[in-house]
Amino acid sequence: MQRSTINEIMAEADDMIRRHGFALPPFAYWTPETFRERAADARHVIDSRCGWDITDYGAGRYDEMGLFLFTLRNGRLADLQGGKGMCYAEKLLISKEDQLSPMHTHVIKAEDIINRGGATLVVELYGSDDEGNFAEDRGGAVMCDGIVRRYGPGDKLALAPGESVTLSPGDWHAFWGDGGDVLIGEVSTVNDDETDNIFREPIGRFAEIEEDVAPTHLLVSDYAKWLA
């Protein structure tokens, strides 16, 4: 993805988030220079990879297959493993109309996916085999706003604004906006996007960046390079 495109997506996403009554934290608007200057103070933000995250899954077709994310807060895996401390994470996502977030599951993370506003969020579901692999002939069960809902292989949930689904490890899922763009909330256990996203197809989690202009704000995938 070109950096200029990423900068534009950030501006558009910030506008949509504000239109739905949400506001991002102050560090969202730091310049790369400010991040360098305040890296010591922001060590938790950096180490837990909070911040901007825009991906085309390495496919180069963002409008067809991609996702905007902003990690608002995230704990440490050590806390989760120890059963105490900051064992949770929270994100805002934007899924554009017919923009696929491809089929995947998680080994550790359980998550609530919440339609915070906009159009309908469609979530396609499959179950796992006995080893946790994608199973095209298996379903399972999830909770929708606390109510158990059983699904067959390939069933699709249509979540209106305010509705949610709770996904556990082994619930394979893909999602997209239907009828327009959707602002999504994600509340989960500690999030590790580097190792805990298992995709059905061999794709990447992060975009390759072409530096055609300077970044407005850093992506979480920029931290290692820009803040070393």
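In which sense do strand β4 and β11 pair, and over how many bridges? In this predicted model, the two strands run antiparallel, and two bridges link them. Strand β4 covers residues 101-105. Within this pairing, His104 sits opposite His173 of β11.

Now follow its other pairings. Strand β3, residues 88-95, pairs with β11 over eight bridges, in the antiparallel sense. Here Ser95 stands opposite Val182. Strand β5, residues 111-128, is also antiparallel to β11 and is joined to β11 by 14 bridges. Gly118 has Val182 as its bridge partner in β11.

Next, look at the nonpolar cores. The largest has 33 residues. Leu24, Phe35, Trp52, Ile54, Phe68, Phe70 and Tyr223 touch the most other members. Several elements supply at least two residues each: α1 (3-19), α3 (43-47), β1 (51-55), β2 (67-74), β3 and α5 (223-226). Helix α1 gives the largest share, six residues.

Take Phe70 as a close-up. Leaving aside residues up to four places away in sequence, Phe70 touches Leu24, Pro25, Phe27, Ala28, Gly51, Trp52, Glu90, Lys91 and Leu92. Another core lies apart from the largest one. This second set holds 21 residues, including Met65, Leu93, Leu159 and Ile184.

Definitions and conventions:
Residues numbered from 1 in each chain as written. Predicted model: local features only at pLDDT ≥ 70, side-chain atom pairs only at ≥ 80, totals over all residues. Heavy atoms only, no water. Pairing = 2+ DSSP bridges. Helix = DSSP H or I, 4+ residues; strand = E, 2+ residues; numbered from the N terminus. Core = buried A, V, L, I, M, F, W, Y, C linked by side-chain atoms within 4.5 Å. Buried < 20%, exposed > 50% of the residue type's maximum accessible area, 1.4 Å probe, protein only. Contact = heavy atoms within 4.5 Å.
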